[in-house]
Structures are given as structure tokens and as C-alpha cells.
Amino acid sequence: MTTRTLSSSQPWAAIDIGSNSFRLELARLSGDRYQRISYIKESVRLGAGLDANGMLTEAAMQRGLDCLKGFGEQLTGIPSERVRAVATQTLREARNRNAFLERAQAVLGHPIEVIAGREEARLIFAGVARLQPSDKPRLVIDIGGRSTEMILGRGRKPVLAESFGVGSVGLSMRFFADGRFTPEAFRAAQVAAGAELEEGLTLFRRELWQEALGSSGTVGAVSQVLAATGVTDGRVTPAALRWCIERCIEAGSQDKLQLAGLKDDRRPVVAGGLSILYTLLVQFGIDELLPTKGALRQGVIFDLAERLQPSAARDPRAASVAELQSRFKVDTEQADRVAAQAEKLYRQLNPEPLPELLRELRWAAALHETGMLVSHHDHHRHSAYLIGHADAAGFSNNQLQRLATLALGQRGRLRKVEAQLGDAAVLDQIIALRLAVILCHARRLPAGSPKLVRQGNQLTLHCPKAWAAEQARTRFLLKEEAEAWGRSGVLELMVV
């Protein structure tokens, strides 16, 4: 696999498509040194655009598209492998997210990955741990627009990461939609937040950590208010939060609220954020929460840089694949055989393959038999389901779905992946994996080296001459495979 020399002078870019704000960060890395080049934050409030049916409104989508178009202009000249855009809870929820993502990727000029809640939490901790290192066991909290992430970890290692479906935008829309601040609304919001967070009480109990840190928007905004008003030096405490809530109630509405350090874009979500923060501190026994500079966007950059290191072992996705193999009792020797054969065939179709597409193919081969644990019959369908619904560190939802598509397409009729075969990259991956599974069907590598040649819309698999007598069963399966492709109308496969 080809690797590139990484230059510390070239910038990295992270785009965080959050429920309240969109953020773009450009930075340089040199060893453990992180140097921010520029940072842009826009209050898009995408999460406020989810209607009662879970659909993003056109107005909300347009706000997001306008912002991403501007971000795209800032990315000119940065190599694509140094850019990563991630989307969080709102696009995890939105039923029409694919329609938005198609338009958003076009204006940004780069793919956008929707990441799972636990993956978001892992990346948040990566940003905090690198920018604010410590050997103490710590609790990291990030209150976003529609979700709250909690992570236990030590050093750079997250021990436990969870995501809860409550955030400052969602709670504000539910209990403070009219902009009015009342004691009853705050009490109701705190009860709702507590109900969502309650299942984490045992997981994140007080004896498991020595310090608590708050990342990103809500904690940062409240910390700025407390420092500007002199209530604290920026530390967030239960008493300080009660003071903030009392000032909100005294003001009566967000329009009349006057708090030093509170920015206008935070007014619509401040009540929901305060309600979640106060509930967290009281329920989890947090005496003080310290704001931290590390956040999701920095974690994205650190993670992306590790992926591109010459040693693939540093890619957290490799560890996730190994863990899934162990969990589902995969025959790793067979997985390795299929992966090696699939890579050979894929390289014959693509002599200079994109490293990420080749990694995806090998990971799909490594996991193609996970469904065997459920049932041998139709195991490819079970494999696709397990892969597509797994929590796997390092993988976005998008990429897990691509691996699931490859697993589903590894055998059988092609109609089930017909929609994906229009993507030339996926088509080549599926061809390579299907042929590799057949060639290794006896759970051993084939004798000799078949060669796959492309001529326009026709593929020819040249088999060793000795196979005419020795590999009759393999040739029979290959003949059936050629017939399957012929029925699909996508391409013609010949076996000679």
C-alpha cells in the first residue's frame, strides 16, 4: 500500500457540522505541537430546522449550504486527504439527511461523514487529551445542540464513551420555544434532561474520575459569562449555575437578558444549555467543571493525521475491525486469504488504487463472514446488518454502510446492490470481493494466480491452464458468477 510523506508545513482541516454551530478549523501539526492557523464558527442552528416528522426544512438546509460554501472556499489548495468533515446528532436524526448531504458535499467540495454518538465522544476525548494532557482519570462532558457526550478516560485512552439524546437546541425548543424564562420551565427542562442522563449515573459515578472537564460551545459560553461577571474565574459550579438561572428568571425572556460575556447567537439556546449543565453537575456530583480548549474538531484532525501515518496500526479502525472479528468469532485465516486475493484482483483493475478504497476492501473482506455467527444460510445478509449497525471506533456511519454494502454484495444475486453498482469505485470493490470469495471457497488460496483484465465494459478472468482438470468446482462457480453479471446488464464477465 502506498503511503505519503506527511509535511508539518501543510495544514489540516476539520469541519464540524453541529446541531447549533458549524465550525472550520485549520491547523498544523508538528509532533505533539498543535498550531491553529484559523478558526471560523457560524451559528447555523441546523437542529432547530428539524420538523415534527424528523425532516430538515429547506430554510435550515439553505443556512447550512450557505455556510459550507464559504468553508469550501477556505479549503482551496489543501490536499483532500488532509480534510475531514463530520456531522453529528441532527444529521443522525434527519430522515432526509441524504438529500442534504448530496447538496452539502457539492458546495463544500469534500465528503461529509455522519458519525455515531460514541464515535463523536471518542473524537472529543482525543482533542481534549492531546491539547490538555493529564494522567488523572477524568470525566469529559460536551453539550451539543441535540446530544450530550460523556467520556471517562486517562491519558489519551478513552475507557468509556456514551452519547445521550439531549442538547441545548432541542431542550430550548421544547421548554423555552417562546423565549420566556420561568421557574416552571427550568424545572421541567431539568427533569427532562435528568431522565435522559439518568442511565449514565452508574457508568460515570463519582469514584471513577478525579477531575471533570467541559468541552465545546455550551460549557465555553457559560464559562465566559461567569468570568466576565466575576462570579467565578471561569469554573462552572452548581452555585454559579444557580446564579445564571436566577438572572434568566429575573429577566423573564431571552430578549431582556443582559449578561456580560453572553453572545447574541447563544441567547436562543442558553436556557436549555444551563438546564443540562445544572442537571449534570447535581446528578453526577460534580463540584466544578473546568472548561477545556480541546473539542471535536481538534480530535478529528489528530485522528486524521494518525490514519495517514505509514504504520497502519495507528489507525483506530484497524483495531475496531480486529475487535469485531473477535466478537463475532470470524475465521481470521479465511478472512486474510480472501482479503489478500481481493487486493490482488483490485490492483489488477486499478494499478494505482486510492489507499482508502483499498483499505475499505480489505476491511470488508476481514468482516465478510461476521454473519456466520447468526446463521450460515444467507450469512452475507447477516454480515451486512451487523457491520452496518456496529459501533466501531474510527468509522463513520457512511463508511460502515459502504462496508455493509460490500458484505451484502459478496455473493448471490446482484439486484440487492443494484443501486450501488452505478458507483465505479464500489463496482470494482464488489467484483474483487465476489471473485476472491469464490477463488477461496475451499478455504485455501487458489493454486496459481488468476489474472483479471478490463477492456471497456468487459472483464476477462484468465485462469491457469492446470485448472481445466484440477479446479472443476471453482470453474463451475466462476461460470455461475459470469452468468450473474450477464443478467445484471452492468458488465460482461468472461472466464477463460
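I call a residue buried when under 20% of its relative accessible area is left, exposed when over 50% is, and partly exposed in between, using a 1.4 Å probe and protein chains only. By that cut-off, buried residues make up 54% of the 496 residues in the protein.

A note on what I'm looking at. This is a predicted model, where local features need pLDDT of at least 70 and side-chain atom pairs count only at pLDDT 80 or more, while totals for chains, interfaces and linings use all residues. Residues are numbered from 1 along each chain as its sequence is written, and side-chain values use heavy atoms, with hydrogens and water left out.

Overall build next. I looked up the secondary structure and got 18 helices and 13 strands (DSSP runs numbered from the N terminus: H or I of at least four residues for helices, E of at least two for strands). The C-alpha atoms fill a box of roughly 90 × 45 × 45 Å along the principal axes.

Then I checked contacts, meaning heavy atoms within 4.5 Å. Of those between residues at least 6 apart in sequence, 69% join residues at least 24 apart.

Last, I picked helix α15. Its 12 residues, 397-408, should span 16 Å at 1.5 Å a residue, and the end C-alpha atoms are 16 Å apart, which agrees (the expected span is 1.5 Å times one less than the number of residues). I also see that 10 of the 12 residues of α15 are buried, so this helix is largely enclosed by the rest of the structure. The buried ones include N397, L400, L403 and L408.
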